[in-house]
Amino acid sequence: MILLADSGSTKTDWCVADGAAEICRIATHGTNPFFQSADEIAREVDGGLLPQLGNRPIEQIRFYGAGCAFPDKIAVIRDVLAARFTAADIEVGSDMLAAARALCGRNAGIACILGTGSNSCLYDGTEITANVSPLGFILGDEGSGAVLGRTLVGDCLKNQLPTGLREKFLSRFGLTPADILERIYKKPFPNRFLAGLSPFLAENLDVPEIRTLVKNGFASFLRRNVLQYPDCRELPVHFTGSVAYYYKEILEETAVESGLRIGSIVRTPMKGLVRYHANQ
C-alpha cells in the first residue's frame with residue numbers, strides 16, 4: 001500500500017491506495033515547514049493522521065507539500081514521517097511536482113496551482129524544467145486565495161467597494177477593521193485567514209467591481225508567471241486548487257484573452273497522483 005499526501009498551507013489530503021484503487025481518504029490541517037517547526041508538524045501527524053489511518057500496512061509514502069522545494073525543509077517532513085513509518089520507503093517533494101505529475105502525467109505541459117497560494121511550472125513529462133518563484137503572498141502568489149482576499153480587504157478598508165458592500169463583507173464574517181488588522185499583523189497564518197475571506201468574492205461575482213478584482217488577479221498570475229515559460233502558447237496549461245476550480249469560468253476567459261490553451265482544471269490533484277503512481 002502507498003500513502004499519498006497533497007499538503008497545502010491550509011489542509012492536507014491523504015490517500016491510501018493499492019495500485020489504482022483508493023482505499024481511503026483522510027483530511028488533516030495543512031503543513032508547511034517554512035512556517036511550522038518539526039514538533040508542530042509531528043503533532044498534526046500524530047493527532048490528525050495516525051488515528052484515522054489505523055493499522056494499515058504502509059509500504060511507501062509519497063508526500064508532496066507546500067514549502068518542500070528545499071533540502072532542509074524536505075528533511076523536516078521526511079524525519080517526522082520516518083520516525084512513525086519505520087518500514088516505509090519515503091519520498092518528499094513539492095506541491096508543484098504533485099501538480100505536474102497529476103495534471104500532465106508523462107506529457108509536456110504547464111502546471112499551475114491556484115489555492116491558498118499560487119505556483120506554476122514548465123514540465124517536460126518527466127521533471128520540472130522551469131519554475132517562476134511564487135514568492136509567497138506578500139511578494140507574489142498572484143491569483144491565489146490569499147492575494148485575492150488581501151486585495152478584497154484592502155479595497156474594503158480603503159472604501160473602494162460599492163455602497164453597502166463593505167458592510168455586507170464585515171457582517172458576513174463578523175469582523176471589524178481592528179479585527180482584520182490584528183489577524184493579519186499579529187496572529188499566525190495570515191495567508192490562511194485572507195484565503196478564508198475569498199469565498200465572499202464568489203458570492204458576489206455579479207458585482208462588476210468584484211468580478212474585475214478576480215479577473216485582474218488571474219491576469220496578473222498569467223502575466224507574471226505562465227507567460228514567462230517557453231512555448232507557453234503551444235502547450236496546454238493545467239490548473240489545480242480550489243480557487244482555480246471555483247472561479248473556472250473567469251479563469252478560462254482570462255487565459256483565452258492571454259492567448260493560452262487551457263487543459264484540465266481540477267480541485268485537487270489526488271486522483272491524478274493515484275493514477276501516476278499506479279502506472280510507475
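Which charged residue lies over the face of Y276? In this predicted model, the residue is R106, placed 4.3 Å from the centre of the ring. Y276 is among the buried residues of helix α13, and Y276 is also one of the residues of α13 that meet helix α3.

**Helix α3**

- The buried set comprises D95, M96, L97, A98, A99, A100, R101, A102, L103 and C104.
- Just after α3, G105 adopts a positive phi of about 60°.
- L97 belongs to α3 and counts as buried because its relative accessibility is 16%, below the 20% limit.
- Beyond its neighbours within four places in sequence, L97 is in contact with Y64 and I128.
- L97 and G241 are separated by 144 residues in sequence, and their C-alpha atoms are 14 Å apart in space.

**Packing of α3 against α13**

- Two packed helices are described by the angle between their axes and the distance between the axes.
- For α3 and helix α13 (residues 270-278), the angle is about 75° and the axes are 8 Å apart.
- The two helices are therefore roughly perpendicular to each other, since an angle from 65 to 115 degrees falls in that class.
- On the α3 side, the residues that meet α13 are A98, R101 and A102.
- On the α13 side, the partners are G272, L273, R275, Y276 and H277.
- An α-helix has 3.6 residues a turn, so residues three or four places apart point the same way.
- Within α13, the buried residues are M270, G272, L273, V274, Y276 and H277.
- The cover over these buried residues includes the strands β1 (2-7), β2 (11-18), β3, β4 and β7 (118-123), together with helix α3.

**Aromatic pairs and a charge over a ring**

- The structure contains 7 aromatic pairs.
- One of them joins F34 and F70 in an edge-to-face arrangement, with 5.8 Å from centre to centre and 90° between the planes.
- This pair links distant parts of the chain, the two residues being 36 residues apart.
- F34 sits in the loop between β3 (21-29) and α1 (38-53), while F70 sits in the loop between β4 (60-65) and α2 (71-82).
- F34 has a relative accessibility of 44% and counts as partly exposed.
- F70, at 46% relative accessibility, also counts as partly exposed.
- K73 lies over the face of F34, at 5.0 Å from the ring centre.
- Elsewhere, F169, F173 and F200 form one aromatic cluster.

**T254 in helix α12**

- T254 lies in helix α12, which covers residues 248-257.
- T254 is buried, with a relative accessible area of 2%.
- A polar atom of the T254 side chain lies 2.7 Å from the backbone oxygen of I250.
- Apart from neighbours within four places in sequence, the contacts of T254 are K215, F218, A219 and L222.

**I265 in strand β10**

- I265 is located in strand β10, residues 261-266.
- I265 is buried, its relative accessible area being 12%.
- Once neighbours within four places in sequence are set aside, I265 is in contact with F239, A244, Y245, K248, L251 and E252.
- I265 and L103 are 162 residues apart in sequence, yet 8.6 Å apart in space from C-alpha to C-alpha.

**S144 in a loop**

- S144 is found in the loop between α4 (136-139) and α5 (145-157).
- S144 counts as buried, at 0% relative accessibility.
- The side chain of S144 reaches the backbone oxygen of D141 at a distance of 2.7 Å.
- Leaving aside neighbours within four places in sequence, S144 is in contact with L114, G115, T116, G117, S118 and V243.

Terms used. Residues numbered from 1 in each chain as written. Predicted model: local features only at pLDDT ≥ 70, side-chain atom pairs only at ≥ 80, totals over all residues. Heavy atoms only, no water. Phe/Tyr/Trp six-rings, centres within 6.5 Å; stacked < 30°, edge-to-face > 60°. Helix = DSSP H or I, 4+ residues; strand = E, 2+ residues; numbered from the N terminus. Buried < 20%, exposed > 50% of the residue type's maximum accessible area, 1.4 Å probe, protein only. Lys NZ or Arg CZ within 6 Å of the ring centre and 35° of its normal. Polar contact = N/O pair within 3.5 Å; in protein donor to acceptor, adjacent residues only side chain to side chain. Contact = heavy atoms within 4.5 Å. Axes fitted to C-alpha atoms, helices over the stretch in contact; angles between N-to-C directions. Parallel < 35°, antiparallel > 145°, perpendicular 65-115°, else oblique.
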